[in-house]
Amino acid sequence: MTEITFRRATANDAEAIAALRVDSWRTTYRGVMPDAYLDSMRAEESAAMWSQVLLADLPTISIFVAEAGSELVGFAAGMLLMPEKFELNAELTAIYLKPIAQRGGVGRRLLALIADALQKQGATGLLVWVIAGNQVARQFYEQLGAELLIEQPFTWDGLDLMETGYGWRDLAALQQACAE
């Protein structure tokens, strides 16, 4: 596999980020969410949102991408939380990888970059939400020392789902776990 490089995302990455997110949802949540919902997802709609976020260039939001050559193979996003939730003041809002980039440390590196960037903005802890049925993501967070905070019903785009909240209260420990 080509060497993977990491960098801050730019507005030029919006379309690739949106396409990766939609593809990941379709793969990960098939059988968990209705097929009609997954099939109706459009990367173009998501790209406009990502472009807006990336163009805003807010210091409280951090987005990083992983590339193999010129191909985007992963991305992660995080932001400071106001107000705090579960006494955590930052949130990992997205982390998605193409299958070729999974289980090789790319997710750990992206998560460490988000934790570092948010810590520099004043974050002391990190919250992440995951659809309860996503066992792969749950295992990833648990292996990195995340504390299970809550499992609760929620509604997403009119769909009734269960979500699980995990948190890290020590970002230095999280970064250390990501480096192992």
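**View 1. Helices H1 and H3 at their crossing.** The axes of helix H1 (residues 14-28) and helix H3 (residues 43-56) come within 8 Å and cross at roughly 130°. That angle makes H1 oblique to H3; angles under 35 degrees count as roughly parallel, over 145 as roughly antiparallel, 65 to 115 as roughly perpendicular and the rest as oblique. Axes are lines fitted to C-alpha atoms, for helices over the stretch in contact, and angles run from 0 to 180 degrees between N-to-C directions. The model is predicted: local features need pLDDT of at least 70 and side-chain atom pairs count only at pLDDT 80 or more, while totals for chains, interfaces and linings use all residues. Residues are numbered from 1 along each chain as its sequence is written, and side-chain values use heavy atoms, with hydrogens and water left out. Helices (H or I, at least four residues) and strands (E, at least two) are DSSP runs, numbered from the N terminus. H1 passes H3 in a right-handed crossing (left-handed if the near helix is turned anticlockwise from the far one by less than a right angle, right-handed if clockwise). On the H1 side the contact (heavy atoms within 4.5 Å) involves Ala-14, Glu-15, Ile-17, Ala-18, Ala-19, Arg-21 and Val-22, which meet Ala-43, Ser-46, Ala-47, Trp-50, Ser-51 and Leu-54 of H3. By class, nine nonpolar, two polar and two charged residues make up the contact of H1 with H3; Ala, Val, Leu, Ile, Met, Phe, Trp, Tyr, Cys and Pro count as nonpolar, Asp, Glu, Lys and Arg as charged, and the others, Gly among them, as polar.

View 2. Strand E4 (residues 88-97) and strand E5 (residues 126-131) pair in the parallel sense over two bridges, and the bridge partner of Glu-91 in E5 is Leu-127.

View 3. E2 and E3 pair in the antiparallel sense over eight bridges, with Phe-64 opposite Ala-76 in E3. Two residues lie between these strands, and Gly-69 in the turn has a positive phi of about 65°. E3 and E4 likewise pair in the antiparallel sense over eight bridges; here Ala-77 stands opposite Ala-94 in E4. This second hairpin also has two residues between its strands.

View 4. Most residues other than glycine have a negative phi, and most peptide bonds are trans. The peptide bond from Met-82 to Pro-83 is cis, with omega near 5°, and Pro-83 lies in strand E3. Phe-86, in the loop between E3 and E4, has a positive phi near 55°.

**View 5. The hairpin of E6 and E7.** Strand E6 (residues 147-156) and strand E7 (residues 159-168) pair in the antiparallel sense over nine bridges. Pro-153 stands opposite Met-162 in E7. The hairpin has two residues between the strands, and Asp-157 takes a positive phi near 50°.

**View 6. Helices H4 and H6.** Helix H4 (residues 106-120) and helix H6 (residues 171-179) pack at an angle of about 155°, with their axes 9 Å apart. H4 and H6 are therefore roughly antiparallel to each other, and H4 passes H6 in a left-handed crossing. H4 contributes Arg-108, Leu-111, Ala-112, Ala-115, Asp-116 and Gln-119 to the contact, and H6 contributes Leu-171, Ala-172, Leu-174, Gln-175, Ala-177 and Cys-178. By class, the contact of H4 with H6 has eight nonpolar, two polar and two charged residues.

Technical notes. Two strands pair if DSSP finds at least two bridges between them.
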